[in-house]
Amino acid sequence: MRAYERLLQYVRVYTTSDESSQTVPSTARQLDLAKLLAEEMSRMGVSRARVDEKGYVYGEIPASPGCEAAPALGFIAHMDTAPDFCGEHVNPVVIPDYDGEDVVLGESGRVLSVKDFPHLPGLKGRTLITADGMTLLGADDKAGIAEILTMAEEVLNSDSEASDIEAGDRLSHGKICLAFTPDEEIGRGADAFDVPGFGADFAYTVDGGAENEIEYENFNAAAAKVDVRGFSVHPGSSKDTMINAALVAMEFNSMLPAGDTPRDTEGYEGFFHLHTMSGDVSEAALEYIVRDHSAAMYDCRLETLRHITKLLNEKYGEGTVTLSIREQYRNMREQIEGCMHLIDNAKKAAQTAGLSPVTVPIRGGTDGARLSFMGLPCPNLGTGGYAFHGPYEHITAEGMDAVVRMLKEIVRLYGR
């Protein structure tokens, strides 16, 4: 089975996570896919295929004879889809021999256009897969799951045929560890990951964009909430008395660097992203995500938030503004720099798979960022997908095939 055929099955399973939930996984519907994957792994011959009590799926392929001393290599993807856009009732659309032009997305009124996505002409001639414009597709990260399991199936088939293959042509490999996580999209994918039980020495998440991308640098990330307590009195007699919480919140935001927003930054440039605001005279709240690749700049951004809080409390009275900061993940580069063979071998594998590898910084995070700090060095590989988290998400069957070839070659390299 080709990877895209698996993807078409998986995207129909509703797995959106929920940040407001306190359960693990955050939504029971993620268990539907978890059970399906464990059953599929068992059928294809993956050893110890299981779903644990937290909804994590694990399995392994034993080392081929003579390769028991090779490093145990892990591959990880996540099952949930982002709550940013509807992930229920996904209707995937397959377009063979795509012409490289604009694509009308069903009856949604939306168009996947070359103007908005200038890479589209480069996909001409491929089999393009989209949703119908009413939902996201879910290739983030069900494409990663499909590619990992397709690789696993091909490795297992190679193992079963080993006696009929010349020794030089066999796909010799060390132990291969597989895992699929819940709740990555809400920043909890590594919370209950069993690193010792997983059993890998090194791993890759397969959760990136274009199929030739290799990523080992991500943002340092925090969530910040600003709560403002106002003092409401009649506006006709409020001289030097009223504290309008909504206005103080606006003042707080105006004191941040105006150009440090997601719209105005790229590459290694960090930002403050105001994603939620609410309030009135009495109470107001702002919620930000804070991002920067540089640890020093990241710390400076957090200090900027603290300084603004201090200034406004001095102006309006102590307790007017309360700041809470929750660190989410750190830049995995700190951990990967000590084992750059993971990047070197991924580049070699990409070239063997017919790709021109590029290393790019992640303007976000992955499970691998946190797992790297939990003792499992874990850079990220592309899936072949684009425009994640919205109705314009798309991927190609050929891009997914290339990722499978790359994963198999990584397995081969470490088996040597």
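In which strand is R48 found? In this predicted model, R48 is found in strand β1, which spans residues 47-51. R48 has a positive phi of about 55 degrees although it is not a glycine. With a relative accessible area of 49%, R48 is partly exposed. A positive phi near 55 degrees also occurs at A387, likewise a residue other than glycine. A387 lies in the loop between β17 (385-386) and β18 (394-396), and its relative accessible area of 25% makes A387 partly exposed. Most residues other than glycine have a negative phi, and most peptide bonds are trans.

Cis peptide bonds were also examined. The bond from V24 to P25 is cis, with omega near -5 degrees, and P25 sits in the loop between α1 and α2. Another cis peptide bond joins D140 and D141, where omega is about 10 degrees. D141 is part of helix α3.

Helix α3 (residues 139-160) packs with helix α2 (residues 30-44) at an angle of about 15 degrees, the two axes being 10 Å apart. Because angles under 35 degrees count as roughly parallel, α2 is roughly parallel to α3. The crossing of these two helices, α2 and α3, is right-handed. On the α2 side the contact involves L33, L37, E40, M41 and M44, which meet K142, I145, L149, A152, E153 and L156 in α3. The residues of this contact comprise 8 nonpolar, no polar and 3 charged.

Helix α1 (residues 3-10) also packs with α3, here at an angle of about 135 degrees and with the axes 8 Å apart. The arrangement makes α1 oblique to α3. The crossing of α1 with α3 is right-handed. A3, R6, L7 and Y10 of α1 form the contact with A139, K142, A143, I145, A146, E147, L149, T150 and E153 of α3. By class, the contact of α1 with α3 contains 8 nonpolar, 1 polar and 4 charged residues.

The largest nonpolar core holds 67 residues, of which F75, F180, M406 and I410 touch the most other members. Helix α10 (residues 397-415) supplies the largest share of this core, 11 residues. Not counting residues up to four places away in sequence, M406 touches E211, I214, A346, A349, A350, A353, L355 and L381. A second, separate core has 21 residues, including A222, A224, L286 and V290.

L286 lies in strand β13, residues 283-292. Its relative accessibility is 1%, so L286 counts as buried. Neighbours within four places in sequence aside, L286 is in contact with A224, K225, V226, A249, F252, L274, T276 and M277. One of these contacts, F252, is 34 residues from L286 along the chain, and the two C-alpha atoms are separated by 9.1 Å.

A70 is placed in the loop between β2 (57-61) and β3 (73-78). At 16% relative accessibility, A70 falls under the 20% limit and therefore counts as buried. Apart from neighbours within four places in sequence, A70 is in contact with G174, Y414 and G415. The C-alpha atoms of A70 and N244 are separated by 64 Å, the two residues being 174 apart along the chain.

Technical notes: Residues are numbered from 1 along each chain as its sequence is written. This is a predicted model: local features need pLDDT of at least 70, side-chain atom pairs count only at pLDDT 80 or more; totals for chains, interfaces and linings use all residues. Side-chain values use heavy atoms; hydrogens and water are left out. Axes are lines fitted to C-alpha atoms, for helices over the stretch in contact, and angles run from 0 to 180 degrees between N-to-C directions. Helices (H or I, at least four residues) and strands (E, at least two) are DSSP runs, numbered from the N terminus. Angles under 35 degrees count as roughly parallel, over 145 as roughly antiparallel, 65 to 115 as roughly perpendicular and the rest as oblique. A crossing is left-handed if the near helix is turned anticlockwise from the far one by less than a right angle, and right-handed if clockwise. Contact means heavy atoms within 4.5 Å. Ala, Val, Leu, Ile, Met, Phe, Trp, Tyr, Cys and Pro count as nonpolar, Asp, Glu, Lys and Arg as charged, and the others, Gly among them, as polar. A nonpolar core is a set of buried Ala, Val, Leu, Ile, Met, Phe, Trp, Tyr and Cys residues joined through side-chain atoms within 4.5 Å. Buried means under 20% relative accessible area, exposed over 50%, partly exposed in between (1.4 Å probe, protein chains only).
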